[in-house]
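The sequence and the model are shown first, and the description follows.

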Amino acid sequence: MGNACVSSGDTTSKVPAGTDYIITVKTGDKKGAGTNSNVFMCLINENGEKSRDIPLDCRWNNDFESGKKDMFPVLNLPNFGLIRAIEIWRDDRMIDDDWFVEFIIVEKNDSQEEFFFPLNRWVKANKRLKIKENDCQLPQEDEEIQNRKIELLEKRESYQFVVNSPGLPPQVKECPRDESFSNDYKWDIIKMKASLFLTTKLKDITTDQWETLSGVSTLYCDALPRPVGMDNWDKDIEFGFQRLSGCNPTQLRLCKEIPENFAVTYDMLRALMDGVTISEAIEDKRLYIVDYTFMKDLECTDGRKIAAPYALFFVNEMKELTPIAIQLFPDPGPDNPVFLPTDPEYTWILAKMWFNNCDANYHQSCTHLAFTHLVMETIAVAVHRSLSPSHPIFRLLAPHFIYLLAINSRALALLVCEGGWVDKCLTVGRVGMFNLIKMEMQKWRMDVQGNLPKDLEERGVENADALPNYYYRDDALLLWDAIKEYVMDVVIGHYDTPEKMARDEELQDFARTLTASPEEGGCGLMGVPGGGKFEYAEDLQNALTSMIFVSSAGHAAANFCQYDEYGFPPNYPALLFNGPPTDKEARTETDIVNALADKDMTLNVLLVTRLLSERGTKPLGDFEVQYTFDPIGTKALDNFRSKLKEVGSIISNRNKTRRTPYVYLHPSEIPNAISI
């Protein structure tokens with residue numbers, strides 16, 4: 001006879017008389033997670049005694065469906081005590097019917113004490129899976145160490161590395177079933193794009209060129225609202241502000257000297273620098289630079305040409321960062337002049353657009369794809385290969401990898417494929433994108449670019465008095481500190497002695513995998529704290545803080561303002577035509593319009609950046625899947641959530657007085673993981 005059913009919304013008034021325990025089972029929200037097999041369970045108390053085998057079945061109810069909770073009363077088990085472990089298994093009544101269980105809760109009915117058993121595992125046929133309460137222990141403390149090792153070997157078969165293109169970070173060879181979306185249509189970019197297109201006003205869009213800048217506004221509607229970047233897009237103050245709070249806010253550097261090939265002179269700049277000399281501006285930390293000259297002669301799709309510019313910025317007396325010079329290519333000469341704000345209006349605008357075109361292509365290739373999606377994918381694979389699901393560090397990191405491998409697999413297949421969106425809508429195309437990533441991954445270090453305070457210091461932009469209104473820096477630092485405190489609570493809680501860290505074979509394998517070359521089966525990452533071995537808590541804290549920050553805040557800053565920036569093409573053009581200007585002759589609005597992508601390409605950019613700017617998952621700290629139930633992790637997570645509320649309040653108050661609210665790093669707007 002099957003168990004009587006208990007409503008998931010009421011465990012007090014509807015339980016049968018004589019119920020000793022109530023078992024709640026949450027089936028994972030994954031593709032193929034449910035089962036129709038017969039499921040059994042036994043309880044193990046604090047004395048190590050096992051209960052009878054308990055069939056989990058509600059008659060007339062379809063149990064164990066994907067994403068569903070089922071509750072079962074247990075009768076005739078009085079005085080069994082506190083539950084410290086469980087065994088769960090299923091039969092092979094249904095072939096190829098593996099079952100993914102997220103967690104199980106056992107409640108002692110007379111005292112309402114609850115015992116948590118996070119599984120986050122597939123339950124295979126005829127194999128008893130034993131899970132301890134909270135399931136969070138270091139390998140050297142695990143009595144089931146042999147089963148743990150076998151489980152890791154099986155995971156390594158599912159999570160294999162492959163280098164899809166030389167120079168790119170290793171990725172997962174094939175997206176495991178653990179990572180698949182439960183609802184494919186929700187994440188199908190092609191279907192979403194088509195659906196969004198049907199709600200726009202332009203059903204008869206053509207490949208014709210735009211005739212006027214105002215004509216672009218015909219694209220906007222409820223589905224494609226007017227983007228923030230359309231406001232004052234041609235003003236220098238907005239161009240400077242993009243470096244501080246646009247979707248690529250990590251490239252600005254303090255200018256300590258004018259590069260030899262940057263042909264600016266004081267006579268050119270005298271009227272733009274509030275009466276101070278170049279030397280005085282450098283000494284007072286008022287000059288800043290963005291240098292993309294390494295992109296000279298970058299090979300792009302279809303032989304397209306992209307600028308490789310310098311741009312110089314000055315903090316004026318109003319404490320505003322403004323552009324004062326742009327040179328579009330590294331080598332000065334008659335056909336490569338220095339463009340200035342004092343040049344004819346549309347000539348200067350065109351120079352800024354070509355700089356932003358370079359910046360936008362770097363943003364999509366490196367800041368967004370390489371330094372968030374690809375870096376975190378290789379780390380996620382390393383986590384799965386090295387750390388058991390029972391490991392406290394796995395449980396700390398797992399919420400920040402949800403949907404990552406699935407969205408990366410889908411994005412590469414649909415957006416970065418040959419002839420895909422990147423080829424059609426970015427100047428560099430797929431060829432240039434991969435070439436850029438290969439160059440820049442040779443520079444990316446976890447302890448510099450992946451460490452926010454070190455990155456700010458290395459670029460010389462950490463001083464808020466010298467460089468005010470850097471909203472990205474100011475808000476991101478609050479989040480970095482909150483994440484670091486959260487990580488520290490978990491690390492110190494589990495590694496209270498150096499010996500525990502040294503004896504943790506899984507952790508040390510993780511450290512080795514992160515730093516080993518792809519040829520050696522590793523990620524090939526540079527600057528991992530500890531250099532391939534975690535000996536000190538501080539190194540582990542810094543590495544884990546970097547991983548969680550990049551997965552959440554780092555990706556949010558690079559991703560969610562895309563539509564606001566790219567949505568008005570002259571503001572942040574993904575693609576430009578007719579080549580960069582080679583002289584300073586006066587241009588017209590027609591020259592600006594003729595440089596833009598045609599109507600069809602423009603709509604393509606708007607649709608995709610609009611979709612990519614949507615939040616698909618829960619905000620930071622509110623996890624889609626709960627992995628943490630142990631006292632150390634639970635306390636740390638409670639503190640983290642409390643800290644995030646403080647951070648949110650501070651940012652909300654800051655936004656009340658900012659010239660433009662910066663919403664992208666408010667904790668309520670940051671997903672836990674790179675899920676889109």
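The second largest cavity of this predicted model is lined by Tyr-566, Pro-569, Tyr-572, Pro-573, Ala-574, Leu-575, Leu-596, Ala-597, Met-601, Thr-602 and Val-605. Its volume is about 80 Å³. Helix α18 (residues 599-612) supplies the largest share of this lining, namely three residues. By class, ten residues of the lining are nonpolar, one is polar and none is charged.

**Cavities and a pocket**

Five cavities of 30 Å³ or more are present in the structure. The largest cavity holds about 230 Å³ of space. It is lined by 16 residues, and those closest to its centre are His-368, Leu-369, Ala-411, Leu-415 and Val-416. Two or more lining residues come from each of the elements α6, α8 (404-414) and α9 (421-425). The lining of the largest cavity comprises twelve nonpolar and four polar residues, with no charged residue.

Among the open spaces, the second largest pocket has a volume of about 600 Å³. Its lining consists of 27 residues, of which Thr-250, Gln-251, Phe-371, Gln-449 and Asp-455 are the closest to the centre. The elements β12 (287-291), α6 (345-386), α11 (452-459) and α15 (537-559) each give two or more residues to the lining of this pocket. Which element gives the most to the lining of the second largest pocket? That element is α15, with five residues. The lining of the second largest pocket divides into 13 nonpolar, eight polar and six charged residues.

**Salt bridges**

The structure contains 43 salt bridges. The table lists some of these pairs.

| Side chains in the salt bridge | N to O distance |
|---|---|
| Asp-98 and Arg-177 | 3.0 Å |
| Arg-121 and Asp-135 | 2.9 Å |
| Arg-156 and Asp-509 | 3.5 Å |

In the salt bridge between Asp-98 and Arg-177, Asp-98 belongs to the loop between β5 (83-90) and β6 (99-108), and Arg-177 to the loop between β10 (171-172) and α2 (189-198); the pair therefore ties together parts that are 79 residues apart in sequence. Arg-177 has a relative accessibility of 41% and so counts as partly exposed, since that class covers values between 20% and 50%.

The salt bridge of Arg-121 with Asp-135 links distant parts of the chain, 14 residues apart: Arg-121 is in strand β7 (residues 113-123), and Asp-135 is in the loop between β8 (129-132) and α1 (145-158). Are these two residues, Arg-121 and Asp-135, buried or exposed? Both are buried.

Arg-156 and Asp-509, which also meet in a salt bridge, lie in helix α1 and helix α14 (residues 505-515) respectively, so that this pair joins parts 353 residues apart in sequence. Arg-156 is partly exposed, its relative accessible area being 26%. Asp-509 is likewise partly exposed, with a relative accessible area of 21%.

Lys-50, Asp-53, Glu-87 and Arg-128 are linked with one another in a network.

**Aromatic residues**

How many aromatic pairs does the structure hold? The count is 23. One aromatic cluster is formed by Phe-239, Tyr-292, Phe-294, Phe-313, Phe-355 and Tyr-362.

Charged side chains are also found over aromatic rings. Lys-305 lies over the face of Phe-329, at 5.1 Å from the centre of the ring. Arg-641 is placed over the face of Phe-623, and its distance from the ring centre is 5.9 Å.

**A separation across the structure**

Asn-47 is located in the loop between β2 (39-45) and β3 (54-56). Its relative accessibility is 59%, and Asn-47 therefore counts as exposed, because the limit for that class is over 50%. How far apart are the C-alpha atoms of Asn-47 and Met-273? These atoms are separated by 78 Å, and the two residues lie 226 residues apart along the chain.

How values were computed. Residues are numbered from 1 along each chain as its sequence is written. This is a predicted model: local features need pLDDT of at least 70, side-chain atom pairs count only at pLDDT 80 or more; totals for chains, interfaces and linings use all residues. Side-chain values use heavy atoms; hydrogens and water are left out. A salt bridge is a side-chain nitrogen of Lys or Arg within 4 Å of a carboxyl oxygen of Asp or Glu. Helices (H or I, at least four residues) and strands (E, at least two) are DSSP runs, numbered from the N terminus. Buried means under 20% relative accessible area, exposed over 50%, partly exposed in between (1.4 Å probe, protein chains only). On a 1 Å grid over the protein atoms alone, a cavity is a set of points where a 1.4 Å probe fits but cannot get out, and a pocket is an open set with protein on both sides within 12 Å along at least five of seven lines; lining residues have an atom within 4 Å of a point. Grid points are joined across faces, edges and corners, and a volume is the space filled by probe spheres set on the points. Ala, Val, Leu, Ile, Met, Phe, Trp, Tyr, Cys and Pro count as nonpolar, Asp, Glu, Lys and Arg as charged, and the others, Gly among them, as polar. Rings of Phe, Tyr and Trp (its six-membered ring) pair if their centres lie within 6.5 Å; planes under 30 degrees apart count as stacked, over 60 as edge-to-face and the rest as tilted. A charge sits over a ring if NZ of Lys or CZ of Arg is within 6 Å of the ring centre and within 35 degrees of the ring normal.
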